[in-house]
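Have the structure open while you read.

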Amino acid sequence: MNIAVIGSGYVGLVAGACFAELGHEVVLVDNDPLKYAALARGECPIHEEHLPELLARHRGKRLAFSDCLPAAVRASRAVFIAVGTPPTHNGEADLTYVESVARAIAGAVDDYKIIVAKSTVPVYTSDWVRRVMILNGAPGDRFDVASNPEFLREGTAVTDFLYPDRIVIGANTPACSNILQEIYQPLLDGSYYQRQDAIPNPRCTAMPPPVIVTSTKSAEVIKYASNAFLAMKISFINAVATICESVGANVDDVRDGIGTDTRIGKRFLYPGIGYGGSCFPKDLSAYRAVAHECGYDFRLLEEVMHINDNQRQRFLQKVRKALWTLKGKRVGVLGLAFKGGTDDVRESPALAIIESLVAEGCEIQAYDPAANERAREILGTRNIRYVDSAYAAAENADALLVLTEWEEFKSVDFARVRELLRYPIMIDGRNLFDPETMREHGFMYLSVGRPDVSFKEVKTRKATAAD
Ligand code: NAD
């Protein structure tokens with residue numbers, strides 16, 4: 001099928017590359033000249049596993065890039081809208097980009113097409129897109145508007161797309177629903193999973209995903225409700241971790257104890273410095289705004305957000321507890337991205353924590369395997385050095401903080417890190433390491449919801465000339 005994807009960001013680029021992987025002819029459109037030029041040159045503008053491989057496989061064959069929306073729309077049966085929906089000042093979703101794309105698509109509708117909202121949007125957006133298109137001259141019988149929310153996670157976006165838990169199709173006519181099912185057919189009938197060259201499934205078993213066909217409104221609600229529920233799980237375990245810290249319990253054991261209940265499950269029950277990223281914070285605010293507009297005061301969401309903000313403050317208190325005064329202290333930081341596996345730093349808790357530490361007079365030396373450049377664009381370089389390894393971040397630092405859960409950090413040489421640090425103090429905001437291992441290596445180790453490995457139990461290294 002001929003498909004246009006409008007917006008080549010984290011979602012659009014992955015969706016476009018995966019549609020090509022499923023056998024479709026895809027045109028990816030973006031109006032950012034720098035991004036378009038990078039894609040046209042053969043670059044992959046974001047850090048995402050398997051994406052460079054898919055782009056190389058399909059670019060110039062089933063995958064083209066364009067900055068001309070009308071031509072891409074005219075050539076396509078299905079047009080996916082994957083532009084950003086950032087928050088407005090009062091927390092609602094800003095639908096300006098969606099509206100302007102809908103207007104632009106309207107002028108190019110000649111034969112029957114489906115217009116599919118892949119962006120995360122509030123309920124009624126599909127109705128608005130339809131209305132805007134008709135007002136801008138699109139014949140009402142030549143198109144349908146659908147909602148096909150995306151559940152991929154950055155860092156595992158390609159495999160999440162190709163091996164989804166479910167595919168949600170919000171369509172108000174059978175013709176529209178059938179086209180969307182045809183697009184996903186290689187996943188729905190499992191034929192993609194039989195291919196020799198299929199991107200391997202990280203979970204090993206490849207089961208065709210269920211398809212949930214529903215109205216556009218239900219599909220729109222499903223996406224916000226899913227993100228709100230996941231954020232709620234994170235805030236719940238963070239609140240439990242706070243209790244564990246107060247009473248001397250261990251949140252790892254508590255997580256095992258509650259997560260083995262199949263009604264609860266262990267996934268998304270990891271305590272830490274809170275969620276961030278381009279989705280949860282804005283989607284929760286937007287969902288609360290939608291509820292408010294409907295006359296419902298969704299206070300549960302307020303509390304989820306409140307607990308999340310509080311986690312950062314609690315982490316900063318741990319840093320103060322370990323270092324006493326902060327002015328003039330050199331702090332090593334592992335991780336800048338909002339989560340491991342991505343270079344995305346939007347709403348990253350790591351950046352917020354670094355900003356607070358710099359404001360209190362710390363000097364930061366930070367390392368992220370993929371996000372140094374993007375963090376530099378936001379944080380600048382005043383009192384922050386961006387270094388190229390975990391060891392360089394640790395060198396002569398008064399403490400080392402873990403702020404993003406990269407796999408790479410799990411295999412650091414603890415003896416070397418300890419030797420490089422001015423004091424063997426590690427404050428782990430992601431519970432990446434095992435407290436017993438840290439004790440054995442002689443670290444003072446503070447994490448989230450687990451007993452501290454305290455200072456009196458560790459030996460500091462001898463002072464050197466560098467100190
Ligand atoms: P993004 O900012 O990375 O990408 C959006 C892209 O759209 C940009 O490249 C921008 O240049 C382009 N764009 C904007 N206006 C355009 C126009 N008129 N014509 C052509 N291109 C245009 O955003 P993203 O992270 O990919 O998110 C897109 C949507 O998907 C959002 O609604 C988001 O909530 C949702 N979503 C994101 C994720 C995620 O993990 N990032 C997951 C699921 C859903």
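## A serine and its surroundings

The side chain of Ser76 comes to 3.3 Å from the backbone nitrogen of Ala4. Keep in mind that this is a predicted model. Where does Ser76 sit? Ser76 is in the loop that runs between helix 4 (69–74) and strand 4 (78–81). Its relative accessibility is 6%, so Ser76 counts as buried, the cut-off for that being under 20%. If you skip the neighbours within four places in sequence, Ser76 is in contact with Asn2, Ile3, Ala4 and Lys113.

Asp110, at 36% relative accessibility, counts as partly exposed.

## Salt bridges around the chain

The count for the model comes to 30 salt bridges. Here are some of them, with the N to O distance for each pair.

| Pair | Distance (N to O) |
|---|---|
| Lys118 and Glu150 | 3.0 Å |
| Arg346 and Glu154 | 3.7 Å |
| Glu373 and Arg376 | 3.0 Å |

Take Lys118 and Glu150, whose side chains meet in a salt bridge at 3.0 Å. This pair ties together distant parts of the chain, 32 residues apart: Lys118 is in the loop between strand 5 (113–117) and helix 6 (125–135), and Glu150 is in the loop between strand 6 (143–147) and helix 7 (157–162). Both Lys118 and Glu150 are buried.

Glu373 and Arg376 give you another setting: both lie in helix 16, three residues apart, which is about one turn of the helix. Glu373 has a relative accessible area of 48%, so it is partly exposed. Arg376 counts as partly exposed too, at 31% relative accessibility.

There is also a network of salt bridges, which links Glu21, Glu53, Arg57, Arg195 and Asp197.

## Where domain 1 meets domain 3

Seven residues from domain 1 and eleven residues from domain 3 take part in the contact.

How much area is buried between domain 1 and domain 3? The figure is about 660 Å², with carbon and sulfur atoms giving 39% of it. On the domain 1 side, Tyr10, His47 and Glu154 supply 77% of the area buried against domain 3, more than any other three residues.

Across this interface the rule finds one salt bridge, and there are five residue pairs in polar contact between domain 1 and domain 3. The residues on the side of domain 1 that touches domain 3 divide into three nonpolar, two polar and two charged.

## Helix 15

Further along is helix 15 (residues 349–359), where Pro349, Ala350, Leu351, Ile353, Ile354, Leu357 and Val358 are buried. What do these buried residues pack against? Their partners are helix 14 (299–323), helix 16 (372–379), strand 9 (330–334), strand 10 (363–367), strand 11 (384–386) and strand 12 (399–402). After helix 15 comes Gly361, with a positive phi near 100°.

Methods: Residues numbered from 1 in each chain as written. Predicted model: local features only at pLDDT ≥ 70, side-chain atom pairs only at ≥ 80, totals over all residues. Heavy atoms only, no water. Buried < 20%, exposed > 50% of the residue type's maximum accessible area, 1.4 Å probe, protein only. Helix = DSSP H or I, 4+ residues; strand = E, 2+ residues; numbered from the N terminus. Contact = heavy atoms within 4.5 Å. Polar contact = N/O pair within 3.5 Å; in protein donor to acceptor, adjacent residues only side chain to side chain. Buried area = accessible area lost by both parts, 1.4 Å probe. Salt bridge = Lys/Arg side-chain N within 4 Å of Asp/Glu carboxyl O. Nonpolar A, V, L, I, M, F, W, Y, C, P; charged D, E, K, R; others polar.
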